Amino acid sequence: MKIKLLIYIIFLSFLSVSAQKKNNEFFKTFSIGSSLTYIWDLSKDKNNLGPEYNYKFKEYTWNINVSASVSKKIDIGFQALNIFTSGTRVENSQSQIFGLFSQYNFLGGKKTPTKLFIEGSINKGNYYTGGTLDPYLREGLYYVGCGMGLDIPLRNISKNIFLDVAFMNYWILNDIFDKYNYTQYIIGLNYYIGKRVHKL
């Protein structure tokens, strides 16, 4: 697990260093973003076996992130996910996942401020998804994340504000028998300052 984590760190570092060479975009655009994801599950007892067979679950994920450009196509940043879980089989709990990410913009360099990107990240946290139970707290977990998304400028509101729409998937790197992936859809806002905004 530690070897895999080291490989991801080296890969992200390589992207940052290589992007700095011969470009005038290094740390010229910055953004701060926030999103709220809501997941719910409600199963009703169709066989009238009793209230204990009714199942409820809901989860909120508040994602806060900051990033900076290292080239026309690559941004790097830091993210923090605060996950609030409650339901029939779990008491109210709060988990965290935080880490570093890198985004590659397929539209970078073209005459558009819109971003169509893929994202990779390395993270640490205590949000465990595994077995047949609802997610619960478990310390010392490491994750690798991967996904894609779209940042769309909201010109009618402000040239600095972008709509962020994305989908992410997180794999737990720890060697645990019954683990499964954590998936997150993202609908939020990003506030950009710097060179990229000047294209508007």
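Among contacts in the chain (heavy atoms within 4.5 Å) between residues at least 6 apart in sequence, 60% join residues at least 24 apart. This is a predicted model, in which local features need pLDDT of at least 70 and side-chain atom pairs count only at pLDDT 80 or more, while totals for chains, interfaces and linings use all residues. Residues are numbered from 1 along each chain as its sequence is written, and side-chain values use heavy atoms, with hydrogens and water left out.

Of the 200 residues, 42% are buried, where buried means under 20% relative accessible area, exposed over 50% and partly exposed in between (1.4 Å probe, protein chains only).

Asparagine 105 lies in strand 4 (residues 90–105) and is buried, at 5% relative accessibility. Its side chain reaches two backbone nitrogens, as tabulated.

| Side chain | Backbone nitrogen of | Distance |
|---|---|---|
| Asparagine 105 | Leucine 107 | 3.0 Å |
| Asparagine 105 | Leucine 116 | 3.2 Å |

Beyond its neighbours within four places in sequence, asparagine 105 is in contact with Lys72, Lys73, Thr114, Lys115, Leu116 and Phe117.

Tryptophan 62 lies in strand 2 and is partly exposed, because its relative accessible area is 40%.

Key
Helix = DSSP H or I, 4+ residues; strand = E, 2+ residues; numbered from the N terminus. Polar contact = N/O pair within 3.5 Å; in protein donor to acceptor, adjacent residues only side chain to side chain.
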